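Please look through the structure below before reading the numbered points.

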Amino acid sequence: MSMRSRFRSLACGLGAGVAVAAMAMGASPASAETFKIGIVTFLSGQAAEAFGVPAANGAKTMIAGLNAGKLPAPYDTKGFGGMEIQPIIIDEAGGATKQVQELRNLIQREQVDAVVGYISSGDCLAVGPVAEELKALLILFDCGTPRIFEDNQFEYVFRTAAHATMDNVGLVRYMKDHDVKVGTYSAINQDYAWGHDSRNDFVAAMGQLYPEAKFEADLLPKFGAGQYGTEISALLRQGSDLVYSSNWGGDLQALVLQAGPRGLFKRSQVVFSAADHVLPALGDKMPDGTIIGARGAYGLMSEETPLNTWFQTTYTAEHGVYPVQAPYRVSQALLGLKTAIEKAMSENGGKKPTTDEIRAALKGSTWNSPGGQITMANGNGHQAIQDIAFGRTRYDADKKMVVIEDIGRYPAKCVNPPADMKANDWIKAGFPGAACN
Amino acid sequence: MELLLTVLVDGLIYAAWLFIVALGLTLVFGVLKILNIAHGSFYAIGAYAAASLVTWFTTIGLAPEWSLVAMLLAAAGVAAVLGPLLERGLLRLFYGRDEVLLVLVTYALFLMLEDGVKLIWGVDPYYVSEPYSLFGNVEMGPLFYVGYDFALMGLAVICGLGVWFGLNRTTLGKIVLAVIHNPEMSASMGVNVNKVYVLAFICGVFLAALGGAFTAPQISVQPGISVGVIILSFAVVIIGGLGSIEGAAVGALIVGLSRAAAVHLVPDAELFIVYLVMAAVLVFRPEGLFVRAQARKI
């Protein structure tokens, strides 16, 4: 065979192969497609250990499970509607300006189909308008500020977890329902937006449900202070019936480590609005009887369902610790995205849906997550509401872990404002329209 | 009276912690004329090293009291490794240059050490809270204090007196003082100035690491702990006067007591008070409260 004829037959063979491959792809357009998502979470810095890395781990577990089609029904189809999910995980550290650049990079250079991310409220507020300008699908999975959809109207931005108001309204309801006597109370919170907003919501909710209670010490040590000796003395001297904190991560751990031996937990009932994530690390250093929340019905306070059992078992096996709030919150974002994509595909004949088709399907939708049902009820269908749970800690020496007892659950419409009200106005008006059991 | 006592005790505990770290910072500035931003990283590395060593000591079955030895060894180890390495390998290349350049160099070093810490220890927190209960509790009026906090006050006094005595009452200390006043003249008199620089830097690293190591049982050791401490340490040495041991002691006391008073009396002013005090001191004493006498060169 001459060189030319050998080349011709090779080219024919390659051509035939390409044609066969193209035909095979044509048989199932979506199954050969991929869906590329950017996942933005703290991989370094103060929030990495508490939220960022667990969230990244949660995303890895969920995406691997979805791509393998291993989740229980109704999520047992592979990937997103047959499309393999391709994640790109980005570090959220570095501030809002950097995150705006990273978001543009993900959308314009990496050409992701959607971005799922952001723990910091400051980052969420900064990136929302950029996604809107680029007409790119942005799913905020964690940040707490109510302002995202109270101060803005977005078409391409969604938040698939409830904002921080339910943490504090739910906590005060739990205290009332469990007959916690509060004549006086004090607070210690981190001196930045989260700490201030949480303290304001808590004090406002106390004003409604404990109108006679007197607010005493109001401490706002700086974020990352580390040393709380003086603040603990001030709280001990005050001797309030109740001490409230929305601290998280290292600040919360340091507060517990330093306040425990000094008897704060014996002198006052201590309540933490978002503390489940420090339980695995603190172990027996977390005093018994502390009332804690998890920013949802998550982790040790989640309800047993096939989906939750799969998530807890798989996550624990892969990462050596049970999942707490951040893995739950990123998981519910991914399952919301899957639900919306597959709904859009059922309406467009099974093709990979456009961004506009996905956002139309996600708006106002409802789906089940490991932490319960998520409903995009607020923010014109862009802001989720969900159930929340609280309980009391007890160190179980046999299990060598903190367990949660006396769990109280609150339905989403009991602890979240209605669609037509701002959170703060709703609390101050006495929770109109709240539907509690 | 009870409030006054509480403010005093809280202030002294906080001042003791701050003084151990600030002492190293002011020593390094006094001898090497370096405003060392990486000092906060040495504090963090000391805390991480102590957490690792205490955990190891516990794993091999040593009694809890040995954790104090572990913390001391951790600080010494950090100083022995990082001190000569950084002073000889990096900082000496910039002596004699503009002081601002050295600030930038140590800032770059700080950033690299922060990443180095994450590379070695990851982002998960470390706990070694067992030593915190070694000294029991102290009942003081209506309040409980942890004995460990008072032990830290003792450590601060030992460190302060040790450095002061070493500088002012030993031959080596007098050589160091000579180098501080005039390195060129000291070198011409046969003093090995390079050795003095290394020694001073090792001492500075040791004090920062010691502060971190003995703070580890009180906190969750994790990325970011270096930032807060360096800012406060700078405030202390600026109030006291750069390079002055007495100044660092008084600066730490002023910061500790004013902060404690603010937390108890005007909580909203807690963050502001340190900088208010610093500004007030600088208005009247722009070089800080204790300024080292400068030998005039002809």
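1. In this note a residue is called buried when its relative accessible area is under 20%, exposed when that area is over 50%, and partly exposed in between, with a 1.4 Å probe and the protein chains only. By that scale A:Cys436 is partly exposed, at a relative accessible area of 36%, whereas A:Cys414 is buried, at 1%.

2. The model is a predicted one, in which local features need pLDDT of at least 70 and side-chain atom pairs count only at pLDDT 80 or more, while totals for chains, interfaces and linings use all residues. Residues are numbered from 1 along each chain as its sequence is written, chains are lettered from A and ligands numbered from 1 in the order in which they are written, and side-chain values use heavy atoms, with hydrogens and water left out.

3. A disulfide is taken here as a pair of cysteine sulfur atoms within 2.5 Å, and a search of the whole structure finds 2 of them over all chains. When the bonded cysteines of chain A are numbered in sequence order, the pairing reads 1-2, 3-4.

4. One disulfide joins A:Cys124 to A:Cys143, with an S to S distance of 2.0 Å, and the torsion about its S-S bond is about -100°, so this disulfide is left-handed. Because A:Cys124 lies in helix 4 of chain A and A:Cys143 in the loop between strand 4 (138-140) and helix 5 (147-150) of chain A, the pair ties together parts that are 19 residues apart in sequence; helices (H or I, at least four residues) and strands (E, at least two) are DSSP runs numbered from the N terminus. A:Cys124 is buried, with a relative accessible area of 1%, and A:Cys143 is buried at 0%.

5. A disulfide is also formed by A:Cys414 and A:Cys436, whose sulfur atoms are 1.9 Å apart. The torsion about the S-S bond of A:Cys414 and A:Cys436 is about 85°, so the disulfide is right-handed. A:Cys414 lies in helix 15 (residues 412-415) of chain A and A:Cys436 in the segment after helix 16 (423-428) of chain A, so the pair ties together parts that are 22 residues apart in sequence.

6. B:Cys159 counts as buried, at 9% relative accessibility, while B:Cys203 is partly exposed, at a relative accessible area of 33%.

7. The largest pocket holds about 930 Å³ of space. On a 1 Å grid over the protein atoms alone, a pocket is an open set of points where a 1.4 Å probe fits, with protein on both sides within 12 Å along at least five of seven lines, and lining residues have an atom within 4 Å of a point. Its lining has 42 residues, of which A:Phe42, A:Gln46, A:Ala47, A:Phe223 and A:Trp248 lie nearest the centre, and helix 4 of chain B gives the most to this lining, with 5 residues.

8. The second largest pocket has a volume of about 730 Å³. Of the 33 residues that line this second pocket, A:Pro280, A:Ala281, A:Leu282, A:Val321 and B:Tyr127 are the closest to its centre. Helix 2 of chain A gives the most to the lining of the second largest pocket, with 5 residues.

Technical notes
Points joined across faces, edges and corners; volume = space filled by probe spheres on them.
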